[in-house]
Amino acid sequence: TENHYAKPGANGEGIIGIYELGSSQNAELKRVGAFSSFGIGPHQLGLLSNGNLVVANGGLKTHPHSGRNVLNLSTMESNLSYIDSKTGALLERHVPPDSKMSIRHLAISGSDRVVFGVQYQGNANRPVPLVGAHTFGHNVQWLPCSELELLALRQYTASVSVNLSGRHALVSCPRGNRVTLWRLGDHGEGEYVSHLPIKDVAGLINVGEDQWVASTGYGEVIQLELQGDQLFRTQQARLPVRLDNHATLI
């Protein structure tokens, strides 16, 4: 995911860059093409089983010269876009019900169900939905959660991770200092189940049907295990670094 800002008059539109890895370990990374992300501020993307893309366009326009300042808060619009990876054509686009809801992170189940998280840029006391689920060709389902729990999450989600069966999703909420557990139904429905307190928890990786690894801003690496409707933790390591919102299993 890339942002176009360098040329005079560029409006910061989102770009999907296409790169060729080469056949040898020493081959240079070569940019061979690009197409639109159909939004501003594309943050995370994923591949569906048919090879097409789903992109979380966060809607937030930024610029390196302005640090992390959002330059279009009054006009921002986020979306979830499905794109043909061969032609770059837009297949579907879904916009959240509140323009200040920024879709940033997503995960895809084995059945191509997309679960995504929101970072809300509006009134700090407004309990907007923070987790959604979607299957191509259907409507977005916003997963219900109590107002008390939503406010405890402080309107910010980070990583999203779905287990192998697609029955459960974890969503990290570093500002709320907790990992949240969500149950996913067979027909698009789902709901909040419980949470596990972990300070500044950020990255999440699914490593088995009911097992994940989490990372934190304090350098912790933590194994998580789901038993029934409860999560349990076992600390694996503490590193002398700060770990941010993304983690990848290689």
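Let's start with Glu149, a residue that is buried at a relative accessible area of 9%, where buried means under 20% relative accessible area, exposed over 50% and partly exposed in between, with a 1.4 Å probe and protein chains only. Before going further, please keep in mind that this is a predicted model, in which local features need pLDDT of at least 70 and side-chain atom pairs count only at pLDDT 80 or more, while totals for chains, interfaces and linings use all residues. Residues are numbered from 1 along each chain as its sequence is written, and side-chain values use heavy atoms, with hydrogens and water left out.

Glu149 has a charged partner. Arg178 forms a salt bridge with Glu149, and their closest N and O atoms are 3.0 Å apart; a salt bridge here is a side-chain nitrogen of Lys or Arg within 4 Å of a carboxyl oxygen of Asp or Glu. This pair links distant parts of the chain, with Arg178 in strand β14 (residues 178-184) and Glu149 in helix α1 (residues 147-152), 29 residues apart. Helices (H or I, at least four residues) and strands (E, at least two) are DSSP runs, numbered from the N terminus. Arg178 also counts as buried, at 16% relative accessibility. In general, side chains of opposite charge can pair when their charged atoms come close.

Searching the whole structure gives six salt bridges. Another one joins the side chains of Arg183 and Asp229, at 3.0 Å from N to O. Here too the pair links distant parts of the chain: Arg183 sits in strand β14 and Asp229 in the loop between β18 (220-227) and β19 (230-238), 46 residues apart. Arg183 is partly exposed at 30% relative accessibility, and Asp229 is partly exposed with a relative accessible area of 36%. A further salt bridge brings together the side chains of Arg233 and Glu220, at 3.9 Å from N to O. Arg233 belongs to strand β19 and Glu220 to strand β18, 13 residues apart. Arg233 is partly exposed, with a relative accessible area of 35%, whereas Glu220 is buried at 11%. Salt bridges that share partners also join Arg183, Glu191 and Asp229 into one network.

Now turn to the nonpolar interior. A nonpolar core is a set of buried Ala, Val, Leu, Ile, Met, Phe, Trp, Tyr and Cys residues joined through side-chain atoms within 4.5 Å. The largest one has 30 residues, of which Val54, Leu80, Leu106, Val114, Val115 and Trp182 touch the most other members. Strands that each supply at least two residues of this core include β5 (53-57), β6 (79-83), β8 (101-108) and β14. The largest share, five residues, comes from β9. Leaving aside neighbours within four places in sequence, Val115 is in contact (heavy atoms within 4.5 Å) with residues including Leu106, Val131, Val160, Ala169 and Leu184. A second, separate core of 13 residues includes Val201, Ile222, Leu224 and Leu226.

Next come the open spaces. On a 1 Å grid over the protein atoms alone, a cavity is a set of points where a 1.4 Å probe fits but cannot get out, a pocket is an open set with protein on both sides within 12 Å along at least five of seven lines, and lining residues have an atom within 4 Å of a point. Grid points are joined across faces, edges and corners, and a volume is the space filled by probe spheres set on the points.

The largest pocket has a volume of about 660 Å³. Of its 23 lining residues, His43, Arg68, Arg104, Gln119 and Tyr156 are the closest to its centre. By class, this lining has seven nonpolar, 11 polar and five charged residues, where Ala, Val, Leu, Ile, Met, Phe, Trp, Tyr, Cys and Pro count as nonpolar, Asp, Glu, Lys and Arg as charged, and the others, Gly among them, as polar. The second largest pocket has a volume of about 480 Å³. Of the 21 residues that line this second pocket, Leu106, Ala107, Val160, Ser161 and Leu204 are the closest to its centre. Its lining has 11 nonpolar, 10 polar and no charged residues.

Finally, there is one cavity of 30 Å³ or more. The largest cavity is lined by Asn3, Tyr5, Gly12, Ile40, Gly41, Leu60, Lys61 and Thr62.
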